[in-house]
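Keep the picture open and follow along.

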Amino acid sequence: MHKPARTALASLIVSTVIVLGGCSADNGAGSTGGSDSTPAAVEVEENLVSVDVRVARSLVDPDGSLEDDDIVAAAADQGMTAVVDGDSVVYTMSKQQRDEMLAEMRSSAQDSIDDMVSDTSNSVTGVEVNDAMTSFRVSVDGQQFSPLEGMLVLGFYIQGALYQQFAGASPDDVEVTVDFVDDATGDVLESGSYQEWRKNLEQ
């Protein structure tokens, strides 16, 4: 079960990165600020007609293949600008563009979930997520579920946290809970939270 779990986790994370990569080509214009390289490092500052979003560079360029000029050029190709600030990239977008990105993030997450459920190499039989992406209920075949599949929480944490922060929540207010539930008995087999995960990383 180890390899299928890792594959499903990678799919969840990649789908989120694809959305953010699209931001550098479609939604970005620059600003300045501090830096943070953690996966959920997104800060939002709203003005009357625009939204400034600071994204960890590692999410825009996960394999480290882009130069700063490449990121700036990707935005310039769309008639916009982007500023790379240390380990972060800052984008300014209209609120309409931000809303479109949130919709795209939800759609991408759902596509990943659908792929996960249809993949018979794992035990996942269904995933319910609320509108705010603060809660994921993952139904599994209890007879096939392996604790190693608990790694899937990382993908859910990243997707939920990014969505909430693009929607305007501060990092400290973001919370994502994930429960793995036996689809036959309703018993919770494993659960976790984003904030607990963050605290464990800081120790």
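Aspartate 85 stands opposite serine 88 in S4. Strand S3 (residues 83-85) and S4 run antiparallel and are paired over three bridges; two strands count as paired if DSSP finds at least two bridges between them. Strands here are DSSP runs of E with at least two residues, helices are runs of H or I with at least four, and both are numbered from the N terminus. S3 and S4 make a hairpin with two residues between them. In that turn, glycine 86 has a positive phi of about 65 degrees.

Before going on, a word on where this comes from: the model is predicted, so local features need pLDDT of at least 70 and side-chain atom pairs count only at pLDDT 80 or more, while totals for chains, interfaces and linings use all residues. Residues are numbered from 1 along each chain as its sequence is written, and side-chain values use heavy atoms, with hydrogens and water left out.

Back to strand S4 (residues 88-94). Six of its seven residues are buried, so S4 is largely enclosed by the rest of the structure. "Buried" means under 20% relative accessible area, "exposed" means over 50%, and "partly exposed" is in between (1.4 Å probe, protein chains only).

**The whole chain**

Zooming out, the chain has six helices and eight strands. Starting at the N terminus, the elements run α-β-β-α-α-β-β-α-β-β-α-β-β-α. Of the 203 residues, 42% count as buried. A contact means heavy atoms within 4.5 Å. Among contacts in the chain with a separation of 6 or more, 68% are between residues 24 or more positions apart.

**A sheet and its helix**

Now find the open sheet of four strands, with the order S5-S6-S7-S8 and mixed pairing. Strand S5 (124-129) and strand S8 (188-193) are at the edges with a single partner strand each, so one side of each has no neighbour in the sheet. On average, neighbouring strands of this sheet are turned by 15 degrees against each other, direction ignored. Strand S7 (residues 177-182) pairs with S8 in the antiparallel sense over five bridges, and threonine 177 stands opposite serine 193 in S8.

What packs on this sheet? Helix H5 does, touching S5, S6, S7 and S8. The direction of H5 makes about 140 degrees with that of S7. For such angles, axes are lines fitted to C-alpha atoms (for helices over the stretch in contact), and values run from 0 to 180 degrees between N-to-C directions.

How far apart are the end C-alpha atoms of H5 (residues 153-166)? They are 20 Å apart, which agrees with the 20 Å that its 14 residues should span at 1.5 Å a residue. That expected span is 1.5 Å times one less than the number of residues. H5 is mostly covered, with 13 of its 14 residues buried. Just after H5, glycine 168 takes a positive phi of about 120 degrees.

**Some side chains up close**

Glutamate 149 is in the loop between strand S6 (135-140) and H5. Is glutamate 149 buried or exposed? Its relative accessible area is 0%, so it counts as buried. Its side chain makes a polar contact of 2.6 Å with the side chain of serine 123. A polar contact is a pair of N or O atoms within 3.5 Å; within protein, one must be able to donate a hydrogen and the other to accept it, and residues adjacent in sequence count only if both atoms are side-chain atoms.

A salt bridge needs a side-chain nitrogen of Lys or Arg within 4 Å of a carboxyl oxygen of Asp or Glu. By this rule the count is one. Aspartate 99 forms a salt bridge with arginine 98, with the closest N and O atoms 3.5 Å apart.

Here is how several residues sit:

| Residue | Relative accessibility | Class |
|---|---|---|
| Arginine 98 | 7% | buried |
| Aspartate 99 | 45% | partly exposed |
| Arginine 137 | 36% | partly exposed |
| Serine 139 | 16% | buried |
| Leucine 66 | 31% | partly exposed |

Arginine 137 is in strand S6. Leaving aside neighbours within four places in sequence, arginine 137 is in contact with residues including Gly126, Val127 and Asp179. Serine 139 is also placed in strand S6.
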